[in-house]
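Work through each task yourself before you read the solution under it.

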Amino acid sequence: MSAAVAALLLLAPSVAQGMTEIGAVEEPVPVRVFPINGPHDLGRNPSNRFGGGRGHDGQDMFAACGTPVVASQGGKVRKAGYHPVGGNYIVLTEKETGLDAVYMHMKHRPRVHAGERVETDQRIGSVGDTGNAWGCHLHFELWTAPGWYAGGQPFDPLPRLERWNALP
């Protein structure tokens, strides 16, 4: 560690936090939480996964109907409503990543509306089985910018969900 960084750590630890050896500030790691706040199953069946042999754009995660659904990261609600296939849903553009996180099949009509801001870990709904769903589950998608059906591309959220699920 350089003498300058060591001195900064001793004299001004709040300023030095996040600094690298060469003095550049590291990008903060976005705070994430798992989107189901309660007992759940990540869906072990291959048909529940991204692709799933049927053009499935997300990951189905099973939990009891009514289990709280929370924003995995805060941001701005892009869309919220009901769709015959996705049921009650919310599309949230994440503040830190710019990704669109999509939450589908929720039990009740969304509590939030397009344009509203939500915080990380804020309750946005409950696990349900609305739309074209069999059994209570949350269908979760992640889309690159510019977002959900706006020119972005869906990608497999399972590796990230597994990491968030393992966080304390």
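**Exercise 1.** Find which residue in β5 stands opposite Thr-93, then work out how β4 and β5 pair.

*Solution.* Keep in mind that this is a predicted model. Step one: look across from Thr-93, and you land on Asp-100 in β5. Step two: follow the strands. β4 covers residues 87-94, and its pairing with β5 is antiparallel, with 5 bridges. Step three: check the turn. The hairpin has 5 residues between the two strands, and Gly-98 takes a positive phi near 80 degrees there.

**Exercise 2.** Is β5 enclosed or open, and why?

*Solution.* Count the buried residues, using under 20% relative accessible area as the cut-off. For β5 (residues 100-106) you get 7 of the 7, so the strand is largely enclosed by the rest of the structure.

**Exercise 3.** Which residues have the most contacts inside the largest nonpolar core?

*Solution.* This core has 25 residues, and the ones to pick are Met-61, Tyr-103 and Phe-140. Next, see who contributes: β4, β5, β8 and α3 (158-166) each supply at least two residues of this core. Apart from it lies another core of 6 residues, including Met-104 and Trp-143. Finally, go back to Phe-140: beyond its neighbours within four places in sequence, its contacts include Met-61, Tyr-103, Leu-161 and Trp-164.

Note on methods. Residues numbered from 1 in each chain as written. Predicted model: local features only at pLDDT ≥ 70, side-chain atom pairs only at ≥ 80, totals over all residues. Heavy atoms only, no water. Buried < 20%, exposed > 50% of the residue type's maximum accessible area, 1.4 Å probe, protein only. Helix = DSSP H or I, 4+ residues; strand = E, 2+ residues; numbered from the N terminus. Pairing = 2+ DSSP bridges. Core = buried A, V, L, I, M, F, W, Y, C linked by side-chain atoms within 4.5 Å. Contact = heavy atoms within 4.5 Å.
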